[in-house]
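Have the sequence and the structure open beside you as you go.

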Amino acid sequence: MPISFTVNGEERSVDVDPDTPLLWVLRDELRLTGTKFGCGIAQCGACTVHLDGMTRRSCVTPISMAEGSDITTIEGLEGPEADAVQAAWRAIDVPQCGYCQSGQIMTATSLLQQIASPSDEDIDNAMAGNICRCATYVRIRQAIHDAARTLEG
Amino acid sequence: MTRFSLSVAMTLALAAPLAAQDLRMPADFENIENETERSAALFEEMGKVLTHPRCLNCHPKDSPTQGDDMHPHEPPVIRGDADFGAPGMNCTTCHSSENFETTGVGGIESIPGHEPWSLAPVEMAWVDLSLGEICAQLKDPERNGGRSLEELHEHMAEDGLVGWGWEPGAGRTPAPGSQDMFGELTRAWIDTGAACPS
């Protein structure tokens with residue numbers, strides 16, 4: 001039975017096993033490959049998307065749970081916080097290999113949507129589940145602070 | 001070793017499964033003639049459930065633990081203002097409305113889930129308390145969510161998140177017995193005066 005939801009503002013419907021991870025659907029069915037597979041067990045954060053406005057590890061989310069929901073991936077991320085984050089990322093060259101960065105940006109944007117001026121502790125708490133094997137953590141934290149200052153005007 | 005592979009290796013090294021336990025039923029305590037002593041003994045049996053990792057992991061003072069060995073939650077998470085994690089990393093960032101079986105990579109066979117999924121409030125923290133202290137806390141409406149003993153029984157016997165403890169998904173040892181048995185023990189404990197072990 002088809003499962004229907006919205007991805008990046010477009011209504012989509014897929015007919016797959018209800019237990020199929022959302023990540024598989026995004027990448028293999030919808031060809032939205034900006035969201036990455038890292039671990040498959042919610043330990044690394046590379047697969048982070050927004051589901052009804054909240055961060056969500058798509059590798060452990062059954063597609064059945066997405067019925068009727070509003071999903072945003074890195075391809076469709078927009079708004080002042082997203083713009084500020086992506087500009088800050090570019091300004092100080094946050095990525096090294098870049099593999100984890102779509103997940104990092106999805107979480108960083110969600111954080112700024114909820115806390116306009118996060119402390120180091122707020123950032124660490126929000127980003128603790130987004131692992132970067134290039135260890136760009138210092139630049140990630142700096143870029144989030146920079147984005148927050150941009151949003152303050 | 002990368003941070004990720006180190007964390008997975010630690011998870012594997014620490015994950016020692018518990019043996020499934022059973023529960024004795026109220027009838028097994030009828031030979032204790034003194035009602036107060038029988039009540040306290042019934043609570044001690046309930047304590048097998050209350051102090052089981054399936055329950056204690058989400059009744060912490062601060063951050064939750066996980067696994068049968070109650071290791072720190074990985075990835076690191078905090079309680080947060082609403083017992084629901086930090087902004088940007090809530091419980092539901094990873095936990096769905098039901099258990100989700102993974103492919104078993106990294107020794108994690110399933111991600112636990114239930115609707116709702118959150119920590120017990122901090123006033124209901126049980127970690128490091130004696131069974132007698134947990135008993136006193138459970139009876140105190142200031143620390144049990146404002147519940148009467150009857151409402152406490154309903155919570156133990158029927159609440160879905162409590163019931164998750166017996167259906168925790170692949171890779172986790174269920175709480176001892178069943179929720180029905182736990183409910184019957186709670187009923188008998190209340191009916192005998194809800195005495196606490198010393």
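**Exercise 1.** Is M127(A) buried or exposed?

*Solution.* Before starting, note that this is a predicted model, in which local features need pLDDT of at least 70 and side-chain atom pairs count only at pLDDT 80 or more, while totals for chains, interfaces and linings use all residues. Residues are numbered from 1 along each chain as its sequence is written, chains are lettered from A and ligands numbered from 1 in the order in which they are written, and side-chain values use heavy atoms, with hydrogens and water left out.

Step 1: find M127(A) in helix α4 (residues 120–127) of chain A. Helices here are DSSP runs of H or I with at least four residues, strands are runs of E with at least two, and both are numbered from the N terminus.

Step 2: recall the cut-offs, with buried meaning under 20% relative accessible area, exposed over 50% and partly exposed in between (1.4 Å probe, protein chains only). M127(A) has a relative accessible area of 8%, so M127(A) is buried.

Step 3: list the neighbours. Not counting residues up to four places away in sequence, M127(A) touches Q104(A), T107(A), A108(A), I140(A) and I144(A); a contact means heavy atoms within 4.5 Å. The C-alpha atoms of M127(A) and R141(A) are separated by 8.9 Å, and these residues are 14 apart along the chain.

**Exercise 2.** Which backbone oxygen does the side chain of S58(A) reach?

*Solution.* Step 1: go to the loop between β4 (54–57) and β5 (70–72) of chain A, where S58(A) is found.

Step 1: check the accessibility, which is 0% in relative terms, so S58(A) counts as buried.

Step 2: follow the side chain of S58(A) to the backbone oxygen of C47(A), at 2.7 Å. C47(A) is also one of the residues that S58(A) touches beyond four places in sequence, including P21(A), L22(A), L23(A), L26(A), T35(A) and V49(A).

**Exercise 3.** With which residue does E150(B) form a salt bridge?

*Solution.* Step 1: E150(B) pairs with R187(B), at 2.6 Å from N to O. E150(B) lies in helix α5 and R187(B) in helix α7 of chain B, so the pair ties together parts that are 37 residues apart in sequence.

Step 1: E150(B) is partly exposed at 45%, and R187(B) is partly exposed at 25%.

Step 2: R187(B) forms a salt bridge with D191(B) too, the closest N and O atoms being 3.3 Å apart. R187(B) and D191(B) are four residues apart in helix α7, so about one helical turn separates them.

**Exercise 4.** Which residues have the most contacts inside the largest nonpolar core?

*Solution.* Step 1: a nonpolar core is a set of buried Ala, Val, Leu, Ile, Met, Phe, Trp, Tyr and Cys residues joined through side-chain atoms within 4.5 Å.

Step 1: the largest has 26 residues, and F43(B), L50(B), L138(B) and W189(B) have the most contacts inside it. Two or more residues come from each of α2 (35–50), α3 (53–56), α4 (131–139), α5 (149–158) and α7 (179–191) of chain B.

Step 2: zoom in on L138(B), whose contacts beyond four places in sequence are F43(B), L50(B), W126(B), N144(B), L152(B) and M156(B).

**Exercise 5.** How many residues does each chain bring to the contact between chain B and chain A?

*Solution.* Step 1: chain B brings 25 residues and chain A brings 28 residues.

Key
Salt bridge = Lys/Arg side-chain N within 4 Å of Asp/Glu carboxyl O. Polar contact = N/O pair within 3.5 Å; in protein donor to acceptor, adjacent residues only side chain to side chain.
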